[in-house]
Amino acid sequence: MSAEQVAEPTAVAGEQPGMWTRQGPYLLDMATFGQLLEDIAGEVRAAGFTPDAVLAVARGGLAAGGYLTCALDVPVMHTIRVRRTADDSRYAAKQRPVVDTSVPLGLGAGDKVLVVDDIVGTGATADAVLEFLAAAGVAREDVRFAAVVRNHRSGYVPEHCPAVIDDWIVFPWETSREATDDCRPFPAAARVHR
């Protein structure tokens, strides 16, 4: 049985003007992806946050969630699917986020949760997941959100996010289904340090 929750329309953040420079997507290689995950792990450790669970946002947050579960020695990783884009094409149109889980996550009051996604574009997905956790009884102060990158126009800034970009990004696991001829290297200047 599927539990499905649709966020209220007021929670939807649409694409912001200037969100994408449309000068060609950035290509994130696996080595840089690993460095960014280490940046996140280091920040979480430095903050003294010890998660009871990682909640990976499917699909983009699965690889990062698995890595951080192991790197931070977290006992368990759960997944939650959030459908946001109309399809997997570049600059795909956004729709209201739909949170979809196949089973109850087993998270509730007293659990410390590290939510992990690949990118925060507008913040609408983050808002939907945070609302889902709040409805499950997880206190906001027990939740931290981590993303590998965020868009420079995002209204939501995750607690842990080591890079800011201004255009579309192709992640390492997407190169087998997406042409990369027009991609630009991931810029070193996109990395931010706190």
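Visitor: Which residue just after α1 takes a positive phi?
Guide: That residue is Gly48, whose phi in this predicted model is about 75°.

Visitor: And what caps the N-terminal end of α1?
Guide: Asp29 does, with a side-chain oxygen that lies 3.1 Å from the backbone nitrogen of Ala31.

Visitor: How far apart are the end C-alpha atoms of α1, and what should the helix span?
Guide: Helix α1 covers residues 30-46, and at 1.5 Å a residue its 17 residues should span 24 Å; the end C-alpha atoms are 24 Å apart, so the expectation and the model agree.

Visitor: Which residues of α1 are buried, and what covers them?
Guide: The buried ones are Thr32, Phe33, Leu36, Leu37, Ile40, Ala41, Glu43 and Val44, and what covers them includes α2 (62-71), β6 (113-120) and β7.

Visitor: Take Phe186, then; what does it touch?
Guide: Setting aside residues up to four places away in sequence, Phe186 touches Tyr26, Leu27, Leu28, Thr32, Leu36, Val149, Ala163, Ile165, Ile169 and Arg191.

Visitor: Switching to aromatics, how many pairs does the structure hold?
Guide: There are four aromatic pairs. In one of them, the rings of Phe145 and Tyr156 have their centres 5.7 Å apart and their planes at 85°, so this pair is edge-to-face. The pair links distant parts of the chain, with Phe145 in strand β7 (residues 143-151) and Tyr156 eleven residues away in the loop between β7 and β8 (164-165).

Visitor: Are those two buried or exposed?
Guide: Both Phe145 and Tyr156 are buried. In another pair, Phe171 and Trp173, the ring centres are 5.0 Å apart and the planes are at 10°, so that pair is stacked.

Visitor: How accessible are Phe171 and Trp173?
Guide: Phe171 has 2% relative accessibility and therefore counts as buried, whereas Trp173 is partly exposed, with a relative accessible area of 29%. Together with Phe33, Phe171 and Trp173 form one aromatic cluster.

Visitor: Where is Trp168, and what is it in contact with?
Guide: Trp168 sits in the loop between β8 and β9 (169-170), and at 14% relative accessibility Trp168 counts as buried. Leaving aside neighbours within four places in sequence, Trp168 is in contact with Trp20, Pro25, Tyr26, Ser89, Arg90, Tyr91, Ala92, Lys94 and Glu178. The C-alpha atoms of Trp168 and Met19 are separated by 9.2 Å, although these residues are 149 residues apart along the chain.

Visitor: Why does His78 count as buried?
Guide: His78, which lies in strand β4 (residues 77-85), has 19% relative accessibility, and the cut-off for buried is under 20%, so His78 counts as buried by that rule. A polar atom of the His78 side chain lies 3.4 Å from the backbone oxygen of Leu105. Residues up to four places away in sequence aside, His78 touches Ala53, Val54, Leu55, Ala56, Leu105 and Leu107.

Visitor: Back to helices: which residues of α3 are buried?
Guide: In α3 the buried residues are Ala124, Thr125, Ala126, Ala128, Val129, Leu130, Phe132 and Leu133. The twelve residues of this helix (residues 124-135) should span 16 Å at 1.5 Å a residue, and the end C-alpha atoms are 17 Å apart, which agrees. Just after α3, Gly137 takes a positive phi of about 100°.

Visitor: Last topic: where is confidence lowest and where is it highest?
Guide: In the protein chain, confidence is lowest in strand β1 (residues 3-6), at a mean of 41, and highest in α2, at 98. The chain has a mean pLDDT of 88, with 89% of its residues reaching 70 or more. Over residues 1-13 pLDDT stays under 50, and for these residues the model has 31 contacts beyond four places in sequence.

Notes:
Residues numbered from 1 in each chain as written. Predicted model: local features only at pLDDT ≥ 70, side-chain atom pairs only at ≥ 80, totals over all residues. Heavy atoms only, no water. Helix = DSSP H or I, 4+ residues; strand = E, 2+ residues; numbered from the N terminus. Expected span 1.5 Å × (residues − 1). Buried < 20%, exposed > 50% of the residue type's maximum accessible area, 1.4 Å probe, protein only. Phe/Tyr/Trp six-rings, centres within 6.5 Å; stacked < 30°, edge-to-face > 60°. Contact = heavy atoms within 4.5 Å. Polar contact = N/O pair within 3.5 Å; in protein donor to acceptor, adjacent residues only side chain to side chain. pLDDT = per-residue confidence, 0-100.
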